[in-house]
Amino acid sequence: MSNIVWHHHKVTRADRASNKNQKPCLLWFTGLSGSGKSTIANALDVALHERGYHTFLLDGDNVRHGLCKDLGFSDDDRVENIRRIGEVSKLFADAGLIVLSAFISPFTSDRRLVRNLFPAGEFIEVFMDTPLDTCEDRDPKGLYQKARAGEIKHFTGITSPYEAPERPEVRLDTSAMTVEQCVESLIEYLRHRELIK
């Protein structure tokens with residue numbers, strides 16, 4: 001690493017964000033499988049795009065088709081998966097974008113690692129606080145059924161722990177809120193924080 005030197009760019013992240021008339025940030029959607037992470041992140045992405053904001057959405061399954069296709073689901077691989085996503089999210093934020101990342105990210109330490117990559121106030125932890133029973137009833141990919149049958153090892157919420165955020169910036173429960181209500185809550189939060197107008 002001694003031969004690697006950081007190269008400072010003349011166009012700053014503030015310049016890039018100013019051109020887009022927004023402030024960069026990362027909304028980090030975390031929660032159990034089936035809690036609504038991807039659904040709400042996608043709906044918010046559409047809502048922000050329709051309002052003229054520049055965004056990029058990173059989704060757990062999609063990223064595992066490319067950037068993280070060499071990783072499995074062991075604890076070590078999950079840590080590396082989140083580390084990579086954090087670094088990519090930071091690059092997108094440096095480009096002035098509002099980044100939305102939807103990942104189970106079960107470990108507090110991993111989410112803290114990503115938070116620490118960002119200036120204060122730019123990491124917004126969105127905890128999809130949907131009860132396990134609801135997630136399991138939905139089971140959109142049939143994963144809970146397989147996990148209960150012992151066909152999937154290291155499945156979060158069943159055979160692998162999920163460490164719930166203690167103080168997330170936003171808490172949503174899709175068993176009690178509609179998609180529209182969740183999106184409106186997030187838009188209001190972003191406005192209140194003056195990250196969008």
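Phe-56 is partly exposed, with a relative accessible area of 37%, where buried stands for under 20%, exposed for over 50% and partly exposed for what lies in between, computed with a 1.4 Å probe on protein chains only. The structure is a predicted model, in which local features need pLDDT of at least 70 and side-chain atom pairs count only at pLDDT 80 or more, while totals for chains, interfaces and linings use all residues. Residues are numbered from 1 along each chain as its sequence is written, and side-chain values use heavy atoms, with hydrogens and water left out.

**Aromatic rings**

Rings of Phe, Tyr and Trp (its six-membered ring) are taken as a pair if their centres lie within 6.5 Å, and the pair is called stacked with planes under 30 degrees apart, edge-to-face over 60 and tilted for the rest. By this rule there are five aromatic pairs. In one of them, the rings of Phe-56 and Phe-92 are stacked, because their centres are 4.5 Å apart and their planes stand at 15°. This pair links distant parts of the chain, since Phe-56 is in strand S2 and Phe-92 in helix H4 (residues 75–94), 36 residues apart; helices (H or I, at least four residues) and strands (E, at least two) are DSSP runs numbered from the N terminus. Phe-92 is also partly exposed, with a relative accessible area of 24%. Elsewhere, Trp-28, Phe-103 and Phe-123 form one aromatic cluster.

**The sheet**

Five strands make an open sheet in the order S2-S3-S1-S4-S5, with parallel pairing, two strands being paired if DSSP finds at least two bridges between them. S2 and S5 stand at the edges with a single partner strand each, so one side of each is left without a neighbour in the sheet. On average, and with direction ignored, neighbouring strands of this sheet are turned by 15° against each other; such angles run from 0 to 180 degrees between N-to-C directions, and axes are lines fitted to C-alpha atoms, for helices over the stretch in contact.

Within the sheet, S2 and S3 are joined in the parallel sense by five bridges, and Thr-55 has Ile-98 in S3 as its bridge partner. S1 and S3 run parallel and are joined by five bridges, with Trp-28 opposite Ser-101 in S3. On S3 itself, five of its five residues are buried. In a regular strand the side chains alternate between the two faces of the sheet. Both faces of S3 are covered, with Ile-98, Leu-100 and Ala-102 buried on one side and Val-99 and Ser-101 on the other. S1 also pairs with S4, in the parallel sense and over five bridges, and here Leu-27 stands opposite Ile-124 in S4.

**Helices against the sheet**

Helix H2 packs on the sheet, touching S1, S2, S3, S4 and S5, and its direction makes about 165° with that of S3; contact is taken as heavy atoms within 4.5 Å. H2 (residues 37–50) has 14 residues and reaches 20 Å from its first C-alpha to its last, close to the 20 Å expected at 1.5 Å a residue, where the expected span is 1.5 Å times one less than the number of residues. The buried residues of H2 are Lys-37, Ile-40, Ala-41, Leu-44, Asp-45, Ala-47 and Leu-48. They cover an arc of only 165° around the axis, which puts them on the same side of H2; the arc is that of the directions from the helix axis to the C-beta atoms. What covers these buried residues includes strands S1 (25–30), S2 (55–59), S3 (98–102), S4 (123–128) and S5 (170–172), together with helix H8 (179–192). On the face turned away from the buried side, H2 carries the exposed residues His-49 and Glu-50.

Helix H5 (residues 108–115) lies across S1 and S4 and runs at about 150° to S4. In H5, Asp-110, Arg-111 and Val-114 are buried. Seen down the axis of H5, these residues fall within an arc of 95°, so they line one face of the helix. The buried residues of H5 pack against S1, H4 and S4.

**Positive phi values**

| Residue | Phi |
|---|---|
| Gly-52 | about 90° |
| Ser-105 | near 40° |
| Glu-194 | near 60° |

Ser-105, a residue other than glycine, has its place in the loop between S3 and H5 and is buried, with a relative accessible area of 2%. Glu-194, likewise a residue other than glycine, is found in the segment after H8 and counts as exposed at 54% relative accessibility.
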